[in-house]
Amino acid sequence: MIKHFKTIWIVGASAGIGAALVEKFAKSDAGANTTIIASARSADALSDLAASSENIHAVPLDVTKPDAVRDAIALIEDRFGLPDLVVLAAGIYSPMPVDEFSAKTIRDHFDVNYFGTVNCLETLIPKMRKRGSGEIAVVASVAGYRGLPKAGAYGPTKAALINLCETLRAELGETGVCLRVINPGFVKTRLTDKNDFDMPYLQTPAQAADYVYRGLTGGNGFEIAFPPPFVRQLKLARILPYRLYFKLIRKVMGKSNG
């Protein structure tokens, strides 16, 4: 049975998976009866997105500012009601090889990827618990499964999100609030265009949005991870002993740089 959401809030909707997911929900069979709120820092990108459908409403937001997050949620709740589904997809990415190791780069990633999500959860979780219903999906990454070369700024933020979601899922229990984690593989965006290595199983944002849409509307499982072959390989790598894991990583990176 396909679930239908009356009100959906997607954060990080100006590009990539977030924007594609907004369009996917708007064009779905239930799209005409769904209110979709799109948030991101880029007001211009949101305006273009909102112009594509009367059901899409733009609410610009910088998730790194807690007061702005609280104000945005208050505005959304006042105009549309507390959303039934929230997808937290705001994020940044820059590769950081060891010779460019930078505390500032790491701090910038945590400010957006981790604390940006935390800022939203701080207000959303109590409101949804009080109502006794709601779904929150946090976009992490398969890069959070285990340490990967050049991902020293990005990977730890995603590992932290996965751990946070596991903790919250267990604690929310029977409250009526369903918290889920989304772990995509490589998706072609302006961010991953920065990579100087071959990205296995590279997907378009539309392909990624299809996986996310099916996962969100198809059940209440904790993790939505894709593409399946890549996820299986990385989950296998996650249980390898360190000696074998580092040997495998050196081999893979050697091919990528060759």
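Guide: Two strands count as paired if DSSP finds at least two bridges between them. This model is predicted.

Visitor: How many bridges join S5 to S6?

Guide: S5 covers residues 134–139 and runs parallel to S6. Within this pair, Glu-135 stands opposite Cys-178 of S6. The number of bridges joining the two strands is six.

Visitor: Is the β-α-β unit of S6, H6 and S7 right-handed or left-handed?

Guide: Take the other unit as a reference. S5, helix H5 (residues 155–172) and S6 make a right-handed β-α-β unit. Helix H6 spans residues 205–218, and the unit it makes with S6 and S7 is left-handed.

Visitor: Why is strand S6 largely enclosed by the rest of the structure?

Guide: Check both faces of the strand. Val-177, Leu-179, Val-181 and Asn-183 point one way, while Cys-178, Arg-180, Ile-182 and Pro-184 point the other way. S6 is largely enclosed because, of its eight residues, those buried number eight.

Visitor: How many residues does the largest nonpolar core have?

Guide: Trp-9, Ile-136 and Leu-179 are among the residues with the most contacts inside this core. Elements that each supply at least two of its residues include S5, H5 and S6. A second, separate core includes Ile-182 and has 30 residues. For the largest core, the count is 37.

Definitions and conventions: Residues are numbered from 1 along each chain as its sequence is written. This is a predicted model: local features need pLDDT of at least 70, side-chain atom pairs count only at pLDDT 80 or more; totals for chains, interfaces and linings use all residues. Side-chain values use heavy atoms; hydrogens and water are left out. Buried means under 20% relative accessible area, exposed over 50%, partly exposed in between (1.4 Å probe, protein chains only). Helices (H or I, at least four residues) and strands (E, at least two) are DSSP runs, numbered from the N terminus. A crossover is right-handed if, with the strands pointing away from the viewer, the path from the first strand over the helix to the second runs clockwise. A nonpolar core is a set of buried Ala, Val, Leu, Ile, Met, Phe, Trp, Tyr and Cys residues joined through side-chain atoms within 4.5 Å.
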